[in-house]
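Q: I am new to this structure and would like to go through it. Could we look at it together?
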Amino acid sequence: MNGKSCVRCGNKAQLKRPKTGELICKECFFVVFETEVHETITSSNLFSRGERVAIAASGGKDSTVLAHIMKVLNDRHDYGLELFLLSIDEGITGYRDDSLESVKRNKEEYQLPLEIVSYEQLYGWTMDAIVAQIGMKNNCTFCGVFRRQALDRGCELLKVDKMVTGHNADDVAETVLMNVLRGDIARLQRCVAIVTHDESGGYIPRAKPFKYTYEKEIVMYAYFKKLDYFSTECIYSPNAYRGFARELIKDLERVRPQCIVDIIRSAETFQFDTVNIRKQVISRCEKCAYISSQKICRACVFLEGLNSGKAKLSVFESEGKTQKSKARRVEEEEKVERSKVSILNADW
Amino acid sequence: MLNHLMQEIVSPHSYRTISFFWSVLYIDIGAAVGLSEEERLERAGQVRDQFASREHGSQKEFYIMPLEYAFRNDGENCVEKMQDYLNSFKQLSAREDALRQLVQTAILNFAQENNFSNVITAESASNLSIRVITEICKGRGFNIPLITSYDDSSTHEGVRILRPLKDKLAKEIAFYNAVEKLKPVFIPDITTGTPLKSSVDRLVEEFISSLQANFPSTVHAILRTTEKLKVPNMQTVFNCVVCNSVLTRDERRSQEEAVNGLHTGDDLTNLQRLGKMSCYGCCRELDFFKSSENCSNLLSSKDDAPQQNKFVSERIAEGKTILEDFPIYVNDNIHKLIRMSREQVKESISEYLIEDQ
């Protein structure tokens, strides 16, 4: 790349843009990166003046760059937003405790108020304790359900109008492929929306300003801006099936970087037969009053499972009738295991 | 396998006899994949033998359509022209895409010209699921339901495509062939012998095959997903001029702009304009036309400022249009599009026009 010049300003090029392959200098990269996010925000009318906006901050690269850029763009283009950092403490020793430290440093650097909501305080369980009970399998299902609710509770505490998350183009493309592979048509329809919300106002709208931003460019931006972020993956096993999709996206990007944005484009142009999509009827959970499509929300079902020691069962039960047979099988397996334990105890 | 099943169906000894006339069409892609004249003849002969009726009395026609016919023009070497055209796509994925379109169009044009109402293909569930994911990766999500529909009531200008092996896995077909002692003829593809990670199609193929090996419901799950999508309306006459797919509303608007912006004597096809008349997916592929660096970036250039790659500027300086490099049907499609647009305008003002007596 030595001696090549930036396609925008003619100065010495310092990098090749992952999204377009253009040779560009560092300063021009900052400009195009920030401008593209700004354009996404304005063309999709993500915010209105005077809104209170929570930035979901995990301390990882995406959310750190998101916090930085929201602050920069809010000041530069005078969006008139009041920004907050919102973090969830899942209670994962050696992972979340360290990443929360970087969120706390971001709080100081950007001078933004920070709210931390913990699983322990909301549910009485940390992820460490949950994994100790249920093992590594399916623990992401618990974490996902709890996090979703915890973020909403955090938004309620902060009294914000919207929440932004650091989901990037790679994440969205990966989710599109996952939903095609799983045949989840309802999620396929939702996953490319730049703002997801519930029409009845059940939960705070969530926006993805990085929907068209490549992960590699986010890393590049964080690297050149020397942003302070935490870069370790969660210590509990990642979802294997999702891992396949992620790997394909990475391979595709190597062959043709435009694939990522083209996958998103494809999903945006899918036409859905409304007859085929079961419309969710949103009501309130009888136990905790959180929005739910069932009488009892999944978080409460899981909690009951955890508290009664039948947590594995609750994963299947919460997924509806079709999973009942699986649930029965798990129940039987658990019975066998319990009897084994009692036999062992008897031996003692 | 498909041939064998068809034979069974029309056979007088079969337990269920359906009578219809059918012919075999063999698209000879030999010139595109670098086979010599002898090799091409040999392959065609093998295919012909394969399809030769095992039942006496069946009057089945066998047609060979060399792919390069899409470039046939007086006094020009169409084999060379086709090879130049395919080689102009500087990325293997784009070249593969161009080849597939040539084959697809050759089949449909043959059927239309020879008054066939149906085309039966032997695409399996495995092929189709790979194709679905590939097309998603290439930005053609809108047209996916048309790839997988079983008996699609919508037709390509009177020709319907039927895929009776749609539910069968490649493995099942291989078993059937082994049991029935049927030996498929091997015809190399443009990616034969290329590394696994060399093109979008290859990557997706590898991905689906390995996923299917671990999760045996993968292929059918993908097809079930696409069946739940709405099939785009094919009744429109304004399609992509390159691949003939149905356009989304945005794509159609951009096409309309490109046609309306034309003035008499204009070069119909600078690459920019051709991109505007095409679907998103073809526009992406055109980015790689004579350019390996994707610097033309047709998709991001929404304004009218000519933003052409070096090749196109040279071509214009030579007084040639890039259209001369494309298959003839692209030219025909553009002219048809212009004609239809004028007719549409004429119809909208028809009540004010005074007809000659």
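A: Let us begin with a term: contact means heavy atoms within 4.5 Å. In chain B, 68% of the contacts with a separation of 6 or more are between residues 24 or more positions apart. The model is predicted, so to speak of local features pLDDT of at least 70 is needed, side-chain atom pairs count only at pLDDT 80 or more, and totals for chains, interfaces and linings use all residues. Residues are numbered from 1 along each chain as its sequence is written, chains are lettered from A in the order in which they are written, and side-chain values use heavy atoms, without hydrogens and water.

Q: How many helices and strands are there in chain B?
A: Chain B has 14 helices and four strands, taken as DSSP runs (helices H or I, at least four residues; strands E, at least two).

Q: Turning to chain A, how many residues are in contact with it?
A: In chain B, 39 residues are in contact with 29 residues of chain A. B:Ile136, B:Lys228 and B:Lys230 supply 19% of the area that chain B buries against chain A, more than any other three residues. Buried area is the accessible area (1.4 Å probe) that two parts lose on being put together, summed over both.

Q: And how many salt bridges cross that interface?
A: Four are found, a salt bridge being a side-chain nitrogen of Lys or Arg within 4 Å of a carboxyl oxygen of Asp or Glu. B:Lys197 and A:Asp251 form a salt bridge through their side chains (3.4 Å, N to O).

Q: Which helix gives the most to that side of chain B?
A: H8(B) does, with six residues touching chain A.
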